[in-house]
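Here is a short tour for anyone meeting this structure for the first time. Have a look at the picture, then read on.

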Amino acid sequence: MSAPTTSTSGPLRPPDDERRAAAGRAAGAGKATAAGPANRTARRVVGTKIPRGMRGPVAVSLLPGIILFGTFFLVPFFVLVATAFARWGGLDFAWIGLDNYRRMFDDPVFYKAFGNTLFYAAASMFIQVPLGVAVGMVLALRPRGWRTLRTIIFVPFVISGAAYAVIFSMFYNPRSGLLNNVVGALGLPGDRDWLFDTTTARWAVAATFVFIIGFVVVLVMAEIASIPSELYEAASVDGATTWQQLTRITLPLLRNVIGTAILVRLLVDIGMFDLVFILTAGGPDDATATLALYAYRAYLNGEWGYANAVGSVILALGLVLIVTVRRVFRIGERAL
Amino acid sequence: MKGTMRSAASGTAGLASVGRRPVWAYVLIYGFLGAVTLLALTPTVWVMLSSFKTGNQIFTGQGFWPSPFTVQGFVDAFTQIHLHEYLLNTLIYAGFGTLGALVAAFLAAYPLARFAFVGRNALVALFSLALALPLVGLATPVFFVVRELGLFDSRLGMVIFYSALQFPFTFIVLRAFLVSTPPELEEAAMMDGAGYFTTLFRVVLPLARPALATVAVVAFVNIWNEFFFANLLLVSQENQNVQLALAGFKSQFGFNVTGAVAGATVVMLVPICLFLVLQRQVISGLTAGAVK
């Protein structure tokens with residue numbers, strides 16, 4: 001299919017991803033300017049030198065952000081990198097080279113936590129995101145009541161992980177939980193302890209978040225709204241059915257936004273802690289433990305150097321997956 | 001990304017949407033949407049309904065609807081669990097944390113959106129990177145830095161830390177907004193001799209109000225729902241936020257289940273209500289933050 005031109009990409013000169021994306025984002029943030037002209041002005045002004053006599057105020061203006069960022073992100077980052085190669089518990093300190101990493105790669109629990117983290121990430125990628133895309137595409141057909149449905153489906157997204165943990169510890173309760181009541185009412189054995197049975201535990205945890213699709217739905221609907229209607233009109237004239245329009249026109253154009261949804265979700269999954277910590281504390285037999293929880297345990301034991309070595313794996317895993325997804329979905333390049 | 005909720009809401013979608021469809025198509029559409037909604041919301045609705053149940057009904061798990069209906073749980077949540085203390089703490093963290101993030105981000109976003117100077121791109125890239133990494137990996141060093149600064153287990157420390165935590169997101173959205181805004185008004189003000197901060201607060205701030213409102217709502221909800229760092233940086237019960245209280249509720253199930261369930265409902269309802277009232281802000285803010 002040939003790449004169509006849209007109103008926003010039309011007046012732009014050669015690719016300047018950042019600014020283009022920026023204009024789109026700002027429009028998303030409630031700005032009503034026509035993207036084209038605004039972009040051109042922005043392009044000119046972004047290159048302006050700081051006016052005479054304003055260097056001082058500009059520096060002062062940047063200071064709070066730099067201090068906050070430096071103190072709570074940059075300094076911790078360097079502390080992490082340095083102490084990952086040390087035995088460190090706050091007071092005692094000794095360089096031990098790669099020992100932390102050796103210990104990590106010898107520990108079966110680390111592999112379990114690593115595997116579980118990837119399992120949750122996969123559940124998001126292959127269940128949550130596709131489901132969200134499907135719902136978004138259906139809602140974009142604007143069946144009666146689509147606004148209300150969009151709102152309702154979005155609600156779980158603003159509920160915290162801790163609240164979800166409370167909800168599902170009740171829901172999965174072997175005696176009084178709704179799930180076993182329903183299962184029992186269907187005539188099946190309704191006494192399984194879903195969260196503390198090694199065969200079901202990981203799935204039970206994943207099932208708590210794979211239906212939190214509101215965010216994906218909203219991203220997808222916004223992207224669909226930006227697809228020029230001529231495409232569909234032309235397709236209708238040629239006799240394409242709604243199904244064909246969805247699969248041949250809409251879906252390919254969603255590549256970018258699907259990648260974005262996966263990115264956002266992977267970030268959450270790689271750092272997954274709240275749900276697992278409160279629901280199962282990683283049990284049974286570490287069947288639900290994540291890397292973040294594994295690092296946290298080391299921290300609680302006073303093995304800060306080891307915790308930081310694990311932390312470095314979490315950060316590296318994040319970086320690797322994010323770079324991969326950006327490549328695969330060609331984010332940064334234009335879908336349209 | 002060009003997609004905006006504005007266009008999604010204003011009816012400019014291109015997909016042939018209004019055309020008549022056969023009945024089976026409607027059955028399929030609503031069947032699918034209904035099933036997903038049911039799966040996504042049933043546990044939550046069931047727990048919210050349970051906050052109107054008696055302890056006995058909760059323990060036996062009999063019946064979906066409360067019977068008998070009681071608000072004793074909500075009374076217990078405040079009188080026995082002292083939910084209002086946690087709510088107040090969280091309000092302080094979310095309110096001032098949002099304010100701090102907004103001020104720092106606005107002050108940094110303007111020069112980084114408008115002027116070219118050495119290190120500008122590096123600074124923008126650095127701030128953006130924080131939004132693209134799983135920050136829980138930094139847990140132990142964050143704890144270490146916060147403790148060294150004497151900010152461990154303190155309300156002030158939590159406010160400052162949350163300002164920092166929400167800074168990257170707030171900064172990125174605000175800067176993107178400012179980049180797309182024409183600078184003529186500010187230039188005119190500066191020509192007339194207005195100083196940097198006068199221009200910033202008298203000219204730019206009013207223009208940026210919609211963007212500020214958008215990020216403020218999202219930052220507020222994010223801090224309200226934050227558990228990981230609260231768990232890491234707070235120990236005293238008097239400083240805990242509602243999410244820590246929620247985690248504690250699980251252990252309360254044994255002796256005060258009604259209060260715990262009702263408390264959880266109250267804690268959830270705050271961001272839900274905020275979302276229902278400020279739906280457009282929440283959605284556009286989140287969308288804007290994601291598409292980095």
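## A strand pair between the chains

Helices (H or I, at least four residues) and strands (E, at least two) are DSSP runs, numbered from the N terminus.

A word on the bookkeeping: this is a predicted model, in which local features need pLDDT of at least 70, side-chain atom pairs count only at pLDDT 80 or more, and totals for chains, interfaces and linings use all residues. Residues are numbered from 1 along each chain as its sequence is written, while chains are lettered from A and ligands numbered from 1 in the order in which they are written.

How do the chains score? Chain A averages a pLDDT of 83, with 85% of the residues at 70 or more, and chain B has a mean pLDDT of 87, with 90% of its residues reaching 70 or more. Here pLDDT is the predictor's confidence in each residue, from 0 to 100. For the complex, the predictor gives an ipTM of 0.87 and a pTM of 0.87.

Each chain has a stretch to treat with care. In chain A, pLDDT stays under 50 over residues 1–46, for which the model has 80 contacts beyond four places in sequence. In chain B, pLDDT stays under 50 over residues 1–14, and there the model has 39 contacts beyond four places in sequence. Where pLDDT is low, the predicted coordinates should not be read in detail.

## Where A meets B

The interface brings 115 residues of chain A into contact with 100 residues of chain B. Two residues are in contact if their C-beta atoms, placed from the backbone, lie within 7 Å. On the chain A side, helix α3 (residues 55–83) gives the most, with 16 residues. By class, that side of chain A has 76 nonpolar, 31 polar and eight charged residues. For these classes, Ala, Val, Leu, Ile, Met, Phe, Trp, Tyr, Cys and Pro count as nonpolar, Asp, Glu, Lys and Arg as charged, and the others, Gly among them, as polar.

The axes of helix α6 (residues 146–154) of chain A and helix α2 (residues 23–50) of chain B come within 10 Å and cross at roughly 30°, so α6(A) and α2(B) are roughly parallel. Axes are lines fitted to C-alpha atoms, for helices over the stretch in contact, and angles run from 0 to 180 degrees between N-to-C directions. Angles under 35 degrees count as roughly parallel, over 145 as roughly antiparallel, 65 to 115 as roughly perpendicular and the rest as oblique. The crossing of α6(A) and α2(B) is left-handed. A crossing is left-handed if the near helix is turned anticlockwise from the far one by less than a right angle, and right-handed if clockwise. Leu149(A), Ile152(A) and Ile153(A) of α6(A) meet Leu33(B), Thr37(B), Ala40(B) and Leu41(B) of α2(B), a contact with six nonpolar residues, one polar and no charged.

## Helix α5 and its partners in chain A

Helix α5 (residues 108–139) of chain A and helix α10 (residues 214–225) of chain A have axes that come within 8 Å and cross at roughly 45°, which makes α5(A) oblique to α10(A). Their crossing is right-handed. Residues in α5(A), including Val129(A), Gly132(A) and Val133(A), meet residues in α10(A), among them Val216(A) and Ile224(A). That contact has ten nonpolar, two polar and no charged residues.

The axes of α5(A) and helix α9 (residues 201–209) of chain A come within 10 Å, again crossing at roughly 45°, and these two are therefore oblique to each other. This crossing of α5(A) and α9(A) is right-handed. On the α5(A) side the contact is made by Asn116(A), Phe119(A), Tyr120(A), Ala123(A) and Gln128(A), and on the α9(A) side by Arg202(A), Ala206(A) and Phe209(A).

Where are the cis peptide bonds? One runs from Gly283(A) to Pro284(A), with omega near -10°, and another joins Ser67(B) and Pro68(B), with omega about 0°. Pro68(B) lies in the loop between α3 (55–60) and α4 (72–79) of chain B.
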